[in-house]
Amino acid sequence: MKLLITGMAGFIGHAVARRLSGRGHEILGVDNLNAYYDVALKQARLDDLGDCPDVRFRRLDLADREATARLFAEEGFDRVVHLAAQPGVRYSLENPHAYADANLIAHLNVLEGCRHQRVEHLVYASSSSVYGANDKVPFATDDNVDHPISLYAATKKANELMAHTYAHLYELPTTGLRFFTVYGPWGRPDMAMFKFARAVLAGEPIEIYNHGEMSRDFTYIDDIVEGIVRILDVVPGRGTDEAAGGAPYALYNIGHGSPVALMDFVRAVEAATGRQAICDFQPMQPGDVPRTWADTEALFAATGYRPRVGVEEGVRRFVDWYRGFYGV
Ligand code: NAD
Ligand code: UGA
């Protein structure tokens with residue numbers, strides 16, 4: 001099978017490429033290597049894939065309409081895992097236009113490429129942030145998600161709506177995956193896992209938002225990857241989305257399935273590093289949601305898989321990786 005992985009120099013894209021390599025596929029990864037965070041880390045992820053002869057890389061900006069159309073026409077893919085995006089909830093208040101380019105225009109260009117090349121399955125990243133400040137937990141994919149509270153969340157919800165129209169109009173099988181706060185080796189420097197471990201190991205304070213009164217369904221990278229890989233084989237057929245006229249359109253949560261209090265996450269970082277955190281308690285950040293918690297029953301019903309790595313183990317694995325990678 002010929003696979004496209006977008007955002008392959010990113011945290012999740014790199015891990016998906018590594019997991020799918022060696023299984024008889026031809027894999028092409030694309031990424032624009034933008035400078036949202038340390039480009040050297042993105043390059044190191046690509047270098048790490050250097051021992052995978054079945055993985056190629058092309059640097060490409062998916063917001064470039066012609067370049068993306070050419071990519072699809074030249075290469076032709078059977079299935080696409082679309083992970084390229086501008087992530088981050090809080091940054092979307094500072095730089096809204098980055099989200100329009102990467103999450104709306106680029107997503108449209110990918111949908112168009114898939115439609116014209118008759119791709120058999122497009123799997124794309126959505127986000128737990130679409131649930132907004134919902135207090136009905138756990139979050140299930142048929143919950144109302146009409147009230148995003150950050151522009152990031154709004155663009156991720158828009159991705160789902162756009163995918164639905166392509167499934168409906170062109171019978172393009174699409175599956176949206178709502179990932180829940182992903183952490184683990186090779187993780188993103190803008191996220192809590194990385195920021196907390198870096199600062200605690202350096203003896204610097206960590207900022208704790210909403211005075212620690214928050215919880216997240218922290219999900220270990222290997223569990224996210226396993227969910228993606230299994231869902232890639234669950235191609236929605238006509239009739240999948242009965243509520244919307246039978247379009248080949250599906251949506252799943254991929255989360256651990258249990259909320260962790262932010263301060264318990266900090267305790268796990270302390271245990272894994274053997275150092276005490278210096279906590280700088282801050283107010284709630286605009287755009288942040290107070291809690292997330294995934295209902296994972298639909299994922300289990302479709303794939304027989306339940307995420308399994310708990311936060312103590314996952315944080316320890318991140319800290320081991322971080323110490324080795326940065327030599328601290
Ligand atoms: P990441 O930033 O590490 O990876 C995204 C990659 O996409 C980056 O390498 C970036 O350079 C690339 N990219 C951005 N715009 C591009 C463009 N126009 N053309 C080509 N490449 C482009 O982020 P991640 O954590 O790996 O997230 C992957 C996907 O999962 C994103 O869609 C994100 O919104 C979603 N998601 C992530 C999390 C999480 O906790 N990490 C949670 C929910 C959803
Ligand atoms: C993360 C990703 O950044 C988004 O791209 C993604 O879409 C989202 O998960 C998701 O699940 O959909 P977030 O949950 O904010 O967003 O992840 P982190 O930045 O790792 O934050 C985790 C928790 O730590 C949050 O409660 C946040 O408020 C808190 N935090 C974060 C701090 O207290 N201090 C910090 O310096 C950073």
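## Packing of α5 and α6

In this predicted model, helix α5, which spans residues 96-116, packs against helix α6, residues 151-170, at an angle of about 15°, and their axes lie 10 Å apart. Because angles under 35 degrees count as roughly parallel, α5 and α6 are roughly parallel to each other, and α5 passes α6 in a right-handed crossing.

On the α5 side the contact is made by P96, Y99, N103, L104, H107, L108, L111 and R115, which meet L151, Y152, T155, K156, A158, N159, M162, A163, Y166 and Y170 of α6. Sorted by class, this contact of α5 with α6 comprises 12 nonpolar, 4 polar and 2 charged residues.

## Surroundings of ligand 1

Ligand 1 is surrounded by 28 residues, of which G7, G10, A85, A125 and F179 are the closest. The elements that supply two or more residues to this shell are α1 (11-20), β2 (26-31), α5 and β5 (121-127), and α1 gives the most, with 3 residues. In terms of class, the shell around ligand 1 divides into 16 nonpolar, 8 polar and 4 charged residues.

Terms used
Residues are numbered from 1 along each chain as its sequence is written. Chains are lettered from A and ligands numbered from 1 in the order in which they are written. This is a predicted model: local features need pLDDT of at least 70, side-chain atom pairs count only at pLDDT 80 or more; totals for chains, interfaces and linings use all residues. Axes are lines fitted to C-alpha atoms, for helices over the stretch in contact, and angles run from 0 to 180 degrees between N-to-C directions. Helices (H or I, at least four residues) and strands (E, at least two) are DSSP runs, numbered from the N terminus. Angles under 35 degrees count as roughly parallel, over 145 as roughly antiparallel, 65 to 115 as roughly perpendicular and the rest as oblique. A crossing is left-handed if the near helix is turned anticlockwise from the far one by less than a right angle, and right-handed if clockwise. Two residues are in contact if their C-beta atoms, placed from the backbone, lie within 7 Å. Ala, Val, Leu, Ile, Met, Phe, Trp, Tyr, Cys and Pro count as nonpolar, Asp, Glu, Lys and Arg as charged, and the others, Gly among them, as polar. A residue is near a molecule or strand if its C-beta atom, placed from the backbone, lies within 6 Å of it.
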